[in-house]
Amino acid sequence: MRVIVTGGAGFIGSALVRYVVGDRGWDVLNVDKLTYAANLHSLSSISSNSNYRFVQADICDIDAIHRVFADFQPDAVMHLAAESHVDRSISSSAEFIKTNILGTHVLLETARRYWDELPSGRRASFRFLHVSTDEVYGSLDDGGFFRESTAYDPRSPYSASKASSDHLVSAWHETYGLPTLITNCSNNYGPYHFPEKLVPLIILNALENKPLPVYGDGRQVRDWLYVEDHVKALVTVLERGRIGETYNVGGRAPTENLTVVERICDLLDAHVPSDSARRKLITFVADRPGHDRRYAIDPTKIETELGWRAEKTFDTGIAATVEWYLNTAWWWRPLRENVYSGTRLGLLDKSALVETELSESSE
Ligand code: NAD
């Protein structure tokens with residue numbers, strides 16, 4: 001199996017590359033632009049394997065992507081490269097439109113032309129897997145679950161850009177017959193997660209006795225999935241999914257943000273006792289503009305049709321994640337010191353931004 005993975009230096013992409021290179025023995029070409037969110041140290045366990053290669057390239061660069069396909073001759077593409085942080089999409093949407101929409105278009109067009117020229121056997125087995133999010137479905141304010149048939153209703157610049165890319169992928173299948181698959185997954189957490197996202201941000205702020213910012217009332221629900229379960233779902237869909245189909249991927253673990261933060265505090269108190277309970281650091285801050293209230297995935301289709309099921313519960317996954325951050329400071333400390341220290345992103349109101357920064361720096 002020769003697979004191009006885009007975004008393989010990011011959080012989920014690196015977990016996927018570690019799994020398919022290390023555990024499955026696939027030949028992988030990781031194509032990544034190396035934005036702030038990338039980290040090649042996340043791949044140190046497999047980077048010298050002979051079945052792994054890396055090329056630094058922007059998926060919007062048609063010539064570079066064309067060369068990648070021509071040189072590597074893939075059997076499949078697993079497309080994860082994206083701008084992925086909702087808060088950053090609120091402050092600055094242009095990169096989201098470029099990478100998530102135009103970059104996906106470049107990949108689809110290049111893949112289509114390449115696939116058109118393949119001999120019939122390889123043409124029949126070629127696959128293009130597009131990795132997307134449950135955020136395209138909008139907010140489940142009245143309860144219920146996202147199913148593959150749920151209408152798209154994206155609310156943030158990030159989710160709108162991912163929804164656009166999903167529609168492009170479906171169109172390339174319907175119009176040109178490109179053998180595509182789409183997965184829409186809930187919130188991931190786990191090792192090697194860039195510390196701008198809720199789980200690692202809370203773990204590291206709590207370790208440093210800093211305020212633990214909780215947006216709004218903290219009652220927003222996300223359906224948490226351990227990243228290593230997600231990458232096994234992606235491999236399952238690539239190997240056994242029906243062409244042209246969408247699969248929702250979730251761990252049946254809808255949990256309020258405040259509960260997530262409290263659980264992390266309690267785990268850290270147990271591992272690294274502090275003078276006072278870390279829950280006291282919880283600070284309610286201005287909500288994210290347009291913050292979706294509730295996401296919850298119905299993963300029945302991937303479970304029954306393809307036999308995938310999340311192995312970790314939220315309890316076992318969050319415990320493993322906290323332990324990983326406690327044992328792996330070599331990975332996250334340079335990011336906190338040099339790339340992103342945890343200041344608030346994505347507020348429209350400048351005075352609120354200053355307020356949050358002041359409250360953090362008054363420590
Ligand atoms: P991430 O931000 O950690 O990593 C993204 C990677 O893409 C980085 O390595 C970055 O350098 C690379 N990249 C960005 N722009 C690029 C470009 N123009 N050309 C080439 N590479 C580029 O993201 P993640 O959390 O690992 O998410 C991966 C994918 O999964 C994304 O498509 C995201 O929408 C989707 N997803 C994420 C989650 C989640 O909870 N994190 C949930 C569902 C779906």
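**Asparagine 188 and its surroundings**

Modeller: Let me begin with asparagine 188, whose side chain makes a polar contact with the side chain of histidine 230 at 2.7 Å. Please keep in mind that this is a predicted model.

Biologist: What makes the pair of asparagine 188 and histidine 230 a polar contact?

Modeller: The cut-off for such a pair of N or O atoms is 3.5 Å, and the two side chains are 2.7 Å apart. The side chain of asparagine 188 also reaches the backbone oxygen of serine 186, at 2.9 Å.

Biologist: Why is asparagine 188 called buried?

Modeller: Asparagine 188 has a relative accessible area of 9%, and buried means under 20%, so the label applies. The residue lies in strand E7, residues 188–189. Beyond its neighbours within four places in sequence, asparagine 188 is in contact with Phe11, Ile12, His193, Trp224, Leu225, Val227 and His230.

Biologist: Trp224 is in that list. Why does tryptophan 224 count as buried?

Modeller: The relative accessibility of tryptophan 224 is 5%, which is under the 20% limit, so tryptophan 224 is buried. This residue sits in the loop between strand E9 (221–223) and strand E10 (225–226). Leaving out residues up to four places away in sequence, tryptophan 224 touches, among others, Asn187, Asn188, Tyr189, Leu198 and Phe314. A polar atom of its side chain lies 3.4 Å from the backbone oxygen of arginine 222.

Biologist: What makes H8 mostly covered?

Modeller: Ten of the 14 residues of H8 are buried. Among them are Val227, His230, Val231, Leu234 and Leu238. His230 is also the partner of asparagine 188 in the polar contact we started from.

Biologist: And how does the reach of H6 compare with the one expected?

Modeller: H6 has 20 residues and reaches 28 Å from its first C-alpha to its last, close to the 28 Å expected. Its buried residues include Tyr158, Lys162, Asp166, Val169 and Trp172. Their cover includes helix H3 (86–91), helix H4 (94–116), E5 and strand E6 (180–185). Just after H6, glycine 177 takes a positive phi of about 80 degrees.

**The ligand**

Biologist: Which residues come nearest to the ligand?

Modeller: Of the 29 residues around the ligand, Ile12, Asp32, Ser84, Tyr158 and Lys162 come nearest.

Biologist: Which elements give two or more residues to the shell around the ligand?

Modeller: They are helix H1 (11–23), strand E5 (127–133) and helix H6 (157–176). By residue kind, the shell divides into 14 nonpolar, eleven polar and four charged.

Technical notes
Residues are numbered from 1 along each chain as its sequence is written. This is a predicted model: local features need pLDDT of at least 70, side-chain atom pairs count only at pLDDT 80 or more; totals for chains, interfaces and linings use all residues. Side-chain values use heavy atoms; hydrogens and water are left out. A residue is near a molecule or strand if one of its heavy atoms lies within 4 Å of it. Helices (H or I, at least four residues) and strands (E, at least two) are DSSP runs, numbered from the N terminus. Ala, Val, Leu, Ile, Met, Phe, Trp, Tyr, Cys and Pro count as nonpolar, Asp, Glu, Lys and Arg as charged, and the others, Gly among them, as polar. Buried means under 20% relative accessible area, exposed over 50%, partly exposed in between (1.4 Å probe, protein chains only). A polar contact is a pair of N or O atoms within 3.5 Å; within protein, one must be able to donate a hydrogen and the other to accept it, and residues adjacent in sequence count only if both atoms are side-chain atoms. Contact means heavy atoms within 4.5 Å. The expected span of a helix is 1.5 Å times one less than its number of residues.
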